[in-house]
Number of protein chains: 4
Amino acid sequence: MAATRPVGPTVAEQPAPAKRRNENARLAVLNAADDLLVERGFDGLTIEGIAARAGVAKQTIYRWWKSKVDILYDNLVLDAEDALAWPEPAPGASYTVAELRGYLHRFALFLGTAPAGRVLQALLGHAQLDRRTFDLLHTGFLGELTARDTERVRQCLAGLVPGAGGQDGAGAGAAEASALLDALLAPLYYRALLARGPIDPALVDAALDEQLALALARSTPGV
Amino acid sequence: MAATRPVGPTVAEQPAPAKRRNENARLAVLNAADDLLVERGFDGLTIEGIAARAGVAKQTIYRWWKSKVDILYDNLVLDAEDALAWPEPAPGASYTVAELRGYLHRFALFLGTAPAGRVLQALLGHAQLDRRTFDLLHTGFLGELTARDTERVRQCLAGLVPGAGGQDGAGAGAAEASALLDALLAPLYYRALLARGPIDPALVDAALDEQLALALARSTPGV
Amino acid sequence: MAATRPVGPTVAEQPAPAKRRNENARLAVLNAADDLLVERGFDGLTIEGIAARAGVAKQTIYRWWKSKVDILYDNLVLDAEDALAWPEPAPGASYTVAELRGYLHRFALFLGTAPAGRVLQALLGHAQLDRRTFDLLHTGFLGELTARDTERVRQCLAGLVPGAGGQDGAGAGAAEASALLDALLAPLYYRALLARGPIDPALVDAALDEQLALALARSTPGV
Amino acid sequence: MAATRPVGPTVAEQPAPAKRRNENARLAVLNAADDLLVERGFDGLTIEGIAARAGVAKQTIYRWWKSKVDILYDNLVLDAEDALAWPEPAPGASYTVAELRGYLHRFALFLGTAPAGRVLQALLGHAQLDRRTFDLLHTGFLGELTARDTERVRQCLAGLVPGAGGQDGAGAGAAEASALLDALLAPLYYRALLARGPIDPALVDAALDEQLALALARSTPGV
DNA sequence: GGATAATCGAGACGGTACGTCTTGTCTTAAA
DNA sequence: TTTAAGACAAGACGTACCGTCTCGATTATCC
């Protein structure tokens, strides 16, 4: 999975010292963890197992990661970077509903299909059981993702209802955008985590259309 | 749900006549597991710890439960029996939107606040990590809960839009009810699992009003 | 093994109370213990195993025996009663060297061959590891056996060297007899316990001839 | 015996280069086992107990020993190395009866007194109950001891009766020596295992004198 | 272009918990 | 009252991983 990505720094990357780190070992560990998660599940994923599969000493793993959760997190960041990117809008233009729709479809695909979403599912699951994992996920990956996407949804909304939002400033628009994003994502997470199946693209479209209609209705109170 | 069963354990049901089980030991185990889950979290919850806290031999636990998941599951069933009951409707009457609203509020409370919902959160989390747990939860607790609630939501809908549903038979009404229930629960689960906070009652009302409006709009296409 | 012996009271038999004791259960336990000792060895012999094999409840065993050692002990007493008997001497006559020789051969056979001697070997082995077993064996079975045989050896000696022993009284003769018995048995136990093979009958004869020669030499100091 | 081996464990010899074994842990385990054997007896001696007493992890014990028997065996070898050594004979000279006598006294002391001989007694006892222990003892410790001592006894005999043995070659002398050694040891083992008391030094001398007289008588048939 | 220092593989180590087994006590229901 | 059946508290079994620790054997800079 991550074997094709060369090197780029990730979110959890150790800041400064990391002197002569062995890149082969790093990739071998990430791949081994990914493979073993699929093969044996989260509980069957052990540091010893990863070390053995990667042909690496346990100490090497403990030198660079604090736990198996951190290894999976690095994998998640790596995978999501490509899978959850938005296309660059035309210069000077802002994000559109069409782009939002495309992103939601990609998100649903990412969340609902192994092995890509398997890591996120596992981390979300473990976040229910472990405070540290929850914090890592929400101050890191999910936090950044949400911040980025909320802003882009805000742009979509602004493009859709030119007058709205401007009155109360960007802050008000952000709250609206945040609520809208939540409303759009809730059914997807619900589907992925509670029903555990691939997510029907129609569900994405239905949710988006529905929420946009509601948003429009709210923004034109007179009607 | 398990409301019809009298008292015994839900998992590991004895096929044979269930010889002389010690009720004190059973309750001590369930309580110890509950306490330890809150104190030490799911990973810190061990069979040895439960046995020690409950003053019970490990073998006694293994005799009646297959794993700590099964112990928590029994706790869940026990707790939910009271917390997630619907009030009995008037004789001859069916469930109403007001009762549905009340139930949703109780559900949100159950899901969002420790210690009651802590067990469900943990099991939902672990279900992401372990196939057996997922199956147990969905063929058991969640399956029964969903079946029961779907039917009651169907009755609410039927009462709300007298003509609708009747045309296509009860089957079509059930599908509609199922979708509505999903739409009502998704934001609650999203809130509880993703944001991990207590659920604002206003969220429940907003979701219900919104979905009812949409349902009404769908059922009167001419308008 | 003990199945053919009907009922007779043994040494370790509970003295008085034993009211409505089930004789079938008693024999089944003794036989099961014997069989399992041969099949699985002393460490593999468990109360649970005996109970299962005998079709008897554990409690029934604990009611009548204190441990598996006591069960084996009862078996030993039962078996030895026949195998280690001396033929009755002619009325008025005392035991002779020929009878002693015969007894030693029988003893060697008993000690050296399974399954008869297997129990005694096991108890002797366990007596090295457990004080209670040692005491049981020496105040009980071995003590009585030694007392009986010492007296008979004394009679043999008295018949062999008419004058000797009489001078110092029976006590001196008993000490001599005891030493002689030890000297005769030592090589047999050594062979059985240290080399663990069947005992060559020639070894018995050699030891007896040798010791008798020495005894004679000692009793006729002038020569 | 094991006198030629330098230091390491005797059982569980590492075929590979025996990686960095912790000598402190090894000694702590051996000592703890020794202490606990005396304190609690063989049955009360557990791997968990040894680990706790030695301040060592169970896994460390299982890494280097297969069972508590193997630990005791290592202790036996260690203790016997000093206690059962023969003094080096003068260069060019062979072992003498005086040296044999001294050795037998030391052997009797070793076998009859705790804690040194306690281990051997326990292993001899357990060898009656467990085939593996019997084999370990006889192909290992006892086998080497017997081979060594038989040869030395042969030298004693050869020195005593210059002509004898030479006629029939060393083989015949070895058989004689072996029988003599058995005859000397049998009463000691009998005393130690059957009567379980310290061995009277006079018993050693009596047995040696008696057996030497018999051996001399046999080697000079004319007299 | 060696010296030096961090990283690497390997794996021993003190621990904790696992799930199983047996102990000896107890309770129940049938005879 | 004894029996078969078996639940119970206790605790040892042997195994699996945990996270820390020492080893030499590579590297890869830096002097």
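1. The model is predicted, and the polar contacts between chain D and chain C were counted with both residues at pLDDT 80 or more, which gives 14 residue pairs. Between chain D and chain C the count of salt bridges, by contrast, is 0.

2. On the side of chain D that touches chain C, the elements that give two or more residues are helix H6 (116-127), helix H7 (131-139), helix H9 (169-195) and helix H10 (201-219) of chain D. Of these, H9(D) gives the most, with 10 residues. Sorted by class, this side of chain D has 17 nonpolar, 6 polar and 7 charged residues.

3. As to extent, 30 residues of chain D are in contact with 30 residues of chain C. The area buried between chain D and chain C comes to about 2500 Å², and carbon and sulfur atoms give 57% of that area.

4. Within chain C, the axes of helix H6 (residues 116-127) and helix H7 (residues 131-139) come within 7 Å and cross at roughly 125°.

5. Which residues make the contact of H6(C) with H7(C)? From H6(C) come C:Leu123, C:Leu124, C:His126 and C:Ala127, and these meet C:Thr133, C:Phe134 and C:Leu137 in H7(C). By class, this contact has 5 nonpolar and 2 polar residues, with no charged residues.

Terms used. Residues are numbered from 1 along each chain as its sequence is written. Chains are lettered from A and ligands numbered from 1 in the order in which they are written. This is a predicted model: local features need pLDDT of at least 70, side-chain atom pairs count only at pLDDT 80 or more; totals for chains, interfaces and linings use all residues. Side-chain values use heavy atoms; hydrogens and water are left out. Contact means heavy atoms within 4.5 Å. Buried area is the accessible area (1.4 Å probe) that two parts lose on being put together, summed over both. A salt bridge is a side-chain nitrogen of Lys or Arg within 4 Å of a carboxyl oxygen of Asp or Glu. A polar contact is a pair of N or O atoms within 3.5 Å; within protein, one must be able to donate a hydrogen and the other to accept it, and residues adjacent in sequence count only if both atoms are side-chain atoms. Helices (H or I, at least four residues) and strands (E, at least two) are DSSP runs, numbered from the N terminus. Ala, Val, Leu, Ile, Met, Phe, Trp, Tyr, Cys and Pro count as nonpolar, Asp, Glu, Lys and Arg as charged, and the others, Gly among them, as polar. Axes are lines fitted to C-alpha atoms, for helices over the stretch in contact, and angles run from 0 to 180 degrees between N-to-C directions.
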